[in-house]
Amino acid sequence: MTTPLNSPAQRWLDTPLLSVEHLTMRFGGIVAVDDLSFQVGRGDITALIGPNGAGKTTVFNCLTGFYKPSEGRIVMRHGPGPHDAALAAAHSGGLRHSKDGDSGVFLLERMPDFEIPRQAGVARTFQNIRLFGGMTVLENLLVAQHNGLMVASGYTLGGILGLPGYRRAEKKAIDRAVYWLEQTALLDRADDPAGDLSYGAQRRLEIARAMCTGPKLLCLDEPAAGLNPRESAELNRLIRTIRDEHGTSVLLIEHDMGVVMEISDHVVVLDYGVKIADGSAETVRNDPKVIAAYLGVEDEAEAEDIVEGVAS
């Protein structure tokens with residue numbers, strides 16, 4: 001039975017925040033991502049999963065401007081849809097974005113990487129943690145708000161003189177940082193060097209730093225990697241808080257299927273750079289193609305036998 005398009009289970013089709021359209025990424029003769037299309041719904045937690053080498057991090061690098069895709073289009077939408085006119089105007093005019101107040105569309109494949117967080121509202125964490133280890137925990141979160149503080153300082157002079165506008169912006173930045181330290185249970189470590197934190201705490205700090213940019217889409221690259229079961233449960237609660245209390249959509253790469261199946265509204269599966277499944281967590285869990293990819297089974301009929309065996 002096909003799920004109606006207006007069903008909550010497929011709202012990513014009705015109200016996409018992000019659309020990846022025919023994305024292809026080549027490195028010489030190697031095709032890392034091949035004609036990939038999927039959507040991230042507003043208010044959804046979307047998981048991008050697949051075996052090692054499937055091309056997941058390459059997709060993230062295309063979304064966030066580290067790579068420029070060989071082909072395809074990546075559209076970020078702000079405000080109520082459908083944005084068809086704005087998208088057509090940006091595309092035909094060779095523009096990076098088309099904005100009207102709080103509404104607009106952003107063609108991420110055309111934007112330099114530094115503009116994507118600030119203008120399109122896309123933030124990310126990394127597979128390998130990239131904190132400023134010699135800075136304090138608090139300073140790491142203030143660095144994430146550098147753009148706003150620089151504007152408020154008049155690009156240094158206002159900060160040096162301590163002008164009122166800069167002091168207000170600085171207080172707002174500190175308040176935001178303290179809030180996310182509270183949400184990630186790191187407030188008592190605010191003055192400690194980030195490099196002194198445990199691995200799990202550094203993972204949480206990296207998420208807090210990304211959230212200090214005020215993203216509309218948060219991309220998490222293997223956030224549960226190396227975490228114990230208690231830390232994974234805390235991570236699940238944090239991701240739900242980000243989605244439920246802040247309206248931030250989440251796109252995550254994750255190998256921990258317990259995390260994926262517990263919190264994901266929507267799952268996209270890659271294998272050798274090609275999408276093999278796209279749907280709800282329950283649908284993907286029982287897809288023979290997905291099982292074959294993860295277990296290395298060559299015959300989908302054999303994978304179907306595995307599904308039937310688990311079900312019985």
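Glu222 sits in the loop between strand S8 (217-221) and helix H10 (229-246). In this predicted model, Glu222 has a positive phi of about 50 degrees, although it is not a glycine. Most residues other than glycine have a negative phi. Glu222 counts as buried, with a relative accessibility of 11%. The cut-off for that label is under 20%.

His22 is another residue with this backbone feature. Its phi is near 55 degrees, a positive value in a residue other than glycine.

**Around strand S4**

Setting aside residues up to four places away in sequence, Gly72 touches Glu21, His22, Leu23 and Glu109. Gly72 itself lies in strand S4. At 36% relative accessibility, Gly72 is partly exposed. Asp34 is 38 residues away from Gly72 in sequence, and their C-alpha atoms are 9.9 Å apart in space.

**Aromatic pairs**

The count of aromatic pairs comes to three. Two of them are described here.

Take Phe27 and Tyr67. Their ring centres are 5.3 Å apart and their planes meet at 75 degrees, so the pair is edge-to-face. Phe27 lies in strand S1 (residues 16-27), while Tyr67 lies in the loop between helix H2 (56-63) and strand S4 (71-78), so the pair ties together parts that are 40 residues apart in sequence. Phe27 is partly exposed, with a relative accessible area of 36%. Tyr67 is partly exposed too, at 29% relative accessibility.

Now take Phe66 and Phe126. Here the ring centres are 5.7 Å apart and the planes stand at 85 degrees, so this pair is edge-to-face. Phe66 lies in the loop between H2 and S4, and Phe126 in the loop between strand S7 (122-124) and helix H5 (137-143), so the pair ties together parts that are 60 residues apart in sequence. Phe126 counts as buried, at 14%.

Thr184 is in the loop between helix H8 (164-183) and helix H9 (199-211). Thr184 is buried, with a relative accessibility of 2%. Leaving aside neighbours within four places in sequence, its contacts are Arg204, Ala208 and Leu238.

Phe114 is in the loop between strand S6 (103-107) and helix H4 (115-120). At 55% relative accessibility, Phe114 counts as exposed. Its C-alpha atom is separated by 8.7 Å from that of Thr64, which is 50 residues away along the chain.

Asp102 is in the loop between strand S5 (97-100) and S6. Asp102 is exposed, with a relative accessible area of 73%. Not counting residues up to four places away in sequence, Asp102 touches His78 and Gly79. What is the separation between Asp102 and His255, C-alpha to C-alpha? These two residues are 35 Å apart in space and 153 residues apart in sequence.

| Residue pair | Sequence separation | C-alpha separation |
|---|---|---|
| Phe114 and Thr64 | 50 residues | 8.7 Å |
| Gly72 and Asp34 | 38 residues | 9.9 Å |
| Asp102 and His255 | 153 residues | 35 Å |

**The whole chain**

The protein chain holds 14 helices and eleven strands. Its radius of gyration is 21 Å, close to the 20 Å that the globule rule gives for 312 residues, so the chain is as compact as a globular protein of that length. Along its principal axes, the C-alpha trace spans about 70 × 50 × 40 Å.

Buried residues make up 48% of the 312 residues. Glu222, Phe126 and Thr184 are among them. Of the contacts with a separation of 6 or more, 65% join residues 24 or more positions apart.

The accessible surface of the chain comes to about 14900 Å². Carbon and sulfur atoms contribute 52% of that area. The chain carries 30 positive and 42 negative charges.

Technical notes:
Residues numbered from 1 in each chain as written. Predicted model: local features only at pLDDT ≥ 70, side-chain atom pairs only at ≥ 80, totals over all residues. Heavy atoms only, no water. Helix = DSSP H or I, 4+ residues; strand = E, 2+ residues; numbered from the N terminus. Rg over C-alpha atoms; globule rule 2.2 N^0.38 Å. Buried < 20%, exposed > 50% of the residue type's maximum accessible area, 1.4 Å probe, protein only. Contact = heavy atoms within 4.5 Å. Areas by Shrake-Rupley, 256 points an atom, 1.4 Å probe, with all protein chains shown as cover. Lys, Arg positive; Asp, Glu negative; His and termini not counted. Charge placed at Lys NZ, Arg CZ, Asp CG, Glu CD. Phe/Tyr/Trp six-rings, centres within 6.5 Å; stacked < 30°, edge-to-face > 60°.
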